[in-house]
Amino acid sequence: AKIVSNLSKAPMEDLPPTASAESRRESLAILAREEIERRILTGEVKAGERLNENALAAKLNISRGPLREAARSLEQLGLVEIVRNRGVFVRRISLRDALDVYDVRAGLARVAGRLAALRVSAAQLDGLERLHEQMEDARSHGDSDGYYTLNRRFHASLFEVAGNPRLASIHEATEKELQLFLRRGVLGSSRVKTSNLEHRKVLDAIRDGNEEDAAKAFERHCLRGKQRMLDSLASTGDR
C-alpha cells in the first residue's frame with residue numbers, strides 16, 4: 001500500500017510511458033500553459049521578467065517537464081522568449097512590434113467584418129447588441145478596466161460570428177501578443193467614447209447585411225485604435 005501511495009504522488013512523467021501517462025502529461029502541460037499565460041496577461045509577471053519555474057512547479061504540483069512544454073507553446077504564441085542556459089522570460093513588445101501587430105489585426109478585422117455580415121444570426125446579433133450596451137454602460141461610469149475586458153470580448157465575438165475557426169485562432173494569438181504592449185493603458189475617456197461609436201458603425205453594417213461596409217468599418221476601427229495608441233503614447237512622452 002505504501003508503494004502505491006508513493007507512486008500516486010510521483011510526477012507522472014517519471015512513470016513508464018503509457019497512453020494514459022502521455023495523456024496526463026499533455027493535460028499537465030496545458031494546465032501549466034494556462035497558468036503562465038494568465039500571469040503574463042494580467043501583468044502578474046512583467047515584461048522582461050524571468051519565470052520562476054521552481055515556484056510554478058511547486059504551485060501546480062508538477063515537474064518541470066510540462067513547464068518546458070508549456071514554455072515552448074507560449075514562445076510560438078509570441079508571449080515568452082526561451083534563452084538558452086538562462087531560462088524563460090516574458091517577451092518585451094517594442095513599439096515597432098505593436099505597430100506590426102495592429103496592421104495584421106486590421107487586415108483580419110476586414111475579413112471578419114465581411115464574413116460576419118454574411119453569416120450572423122439573430123441570436124448572435126442580440127448578443128453583440130448586449131455587449132455594446134455593456135460597453136457603453138462601462139464607459140459612462142468611467143470603468144476603463146471593465147470597458148477593456150468587454151471590448152476584447154466584443155472583438156472575439158465578431159470573429160466567432162464570422163464562422164471561420166482558423167481566422168479566429170489567428171486573431172486570438174495577435175490579441176494576446178498585443179496585450180503585452182497595451183497593459184500600459186492607452187485609452188482615455190474621450191478615446192473610449194470614440195471607440196464605442198466605431199463599434200456601433202460595425203454593428204449597424206453587420207445588422208444591415210452590408211458586407212463591404214462591415215469590412216471597412218471593422219478595419220477602420222482597428223487602424224484608428226492604432227492611432228489612438230500612438231496619440232496616447234505621444235501625450236505621455238512614452239514613445
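**Note on the predicted helical model**

1. The protein has 10 helices and two strands; helices (H or I, at least four residues) and strands (E, at least two) are DSSP runs, numbered from the N terminus. From the N terminus on, the order of the elements is α-α-α-α-β-β-α-α-α-α-α-α. Residues are numbered from 1 along each chain as its sequence is written, and side-chain values use heavy atoms, with hydrogens and water left out. The model is predicted: local features need pLDDT of at least 70 and side-chain atom pairs count only at pLDDT 80 or more, whereas totals for chains, interfaces and linings use all residues.

2. Of the 239 residues of the protein, 42% count as buried. Here buried means under 20% relative accessible area, exposed over 50%, and partly exposed in between (1.4 Å probe, protein chains only). The accessible surface of the protein is about 13,200 Å², and carbon and sulfur atoms hold 48% of it. Such areas come from the Shrake-Rupley method with a 1.4 Å probe; for residues, only the protein chains shown count as cover. Among contacts in the protein with a separation of 6 or more, 75% are between residues 24 or more positions apart; a contact means heavy atoms within 4.5 Å.

3. Helix α6 covers residues 122–140, 19 residues in total. From its first C-alpha to its last, α6 reaches 27 Å, close to the 27 Å expected at 1.5 Å a residue; the expected span is 1.5 Å times one less than the number of residues. The buried residues of α6 are L125, G127, L128, E129, L131, H132, M135 and A138. Just after α6, G142 adopts a positive phi of about 70°.

4. The axes of α6 and α7 come within 9 Å and cross at roughly 165°. Axes are lines fitted to C-alpha atoms, for helices over the stretch in contact, and angles run from 0 to 180 degrees between N-to-C directions. The two helices α6 and α7 are therefore roughly antiparallel to each other. The classes are roughly parallel for angles under 35 degrees, roughly antiparallel over 145, roughly perpendicular from 65 to 115, and oblique for the rest. On the α6 side, the contact is made by Q124, L128, L131, Q134, M135, A138 and R139. On the α7 side, G146, Y147, L150, N151, R153, F154, S157, L158 and V161 take part. The crossing of α6 past α7 is left-handed; a crossing is left-handed if the near helix is turned anticlockwise from the far one by less than a right angle, and right-handed if clockwise.

5. G146 is placed in helix α7 and, at 19% relative accessibility, counts as buried. G146 and M135 are 11 residues apart in sequence and 7.7 Å apart in space, C-alpha to C-alpha.

6. Helix α7 (residues 144–162) also packs with helix α5 (residues 95–119), at an angle of about 55° and with the axes 7 Å apart. That angle makes α5 oblique to α7. The residues in contact are R105, L108, A109, A112, L115, A116 and R119 of α5, together with H155, L158, F159, V161 and A162 of α7. Here too a left-handed crossing is found, with α5 passing α7.

7. Helices α3 and α4 pack at an angle of about 115°, their axes 9 Å apart. That makes α3 roughly perpendicular to α4. The contact is formed by E53, N54, L56 and A57 of α3 with R64, L67 and R68 of α4. In this pair α3 passes α4 in a right-handed crossing.

8. E53, which lies in helix α3, counts as buried at 12% relative accessibility. Leaving aside residues up to four places away in sequence, E53 touches R64, L67, R68 and V88.

9. Two asparagines deserve a check of the backbone. N61 has a positive phi of about 60° although it is not a glycine; N61 is found in the loop between α3 (53–60) and α4 (64–76). At 67% relative accessibility, N61 counts as exposed. N85, likewise not a glycine, has a positive phi of about 65° and lies in the loop between β1 (80–83) and β2 (87–90). At 77% relative accessibility, N85 counts as exposed.
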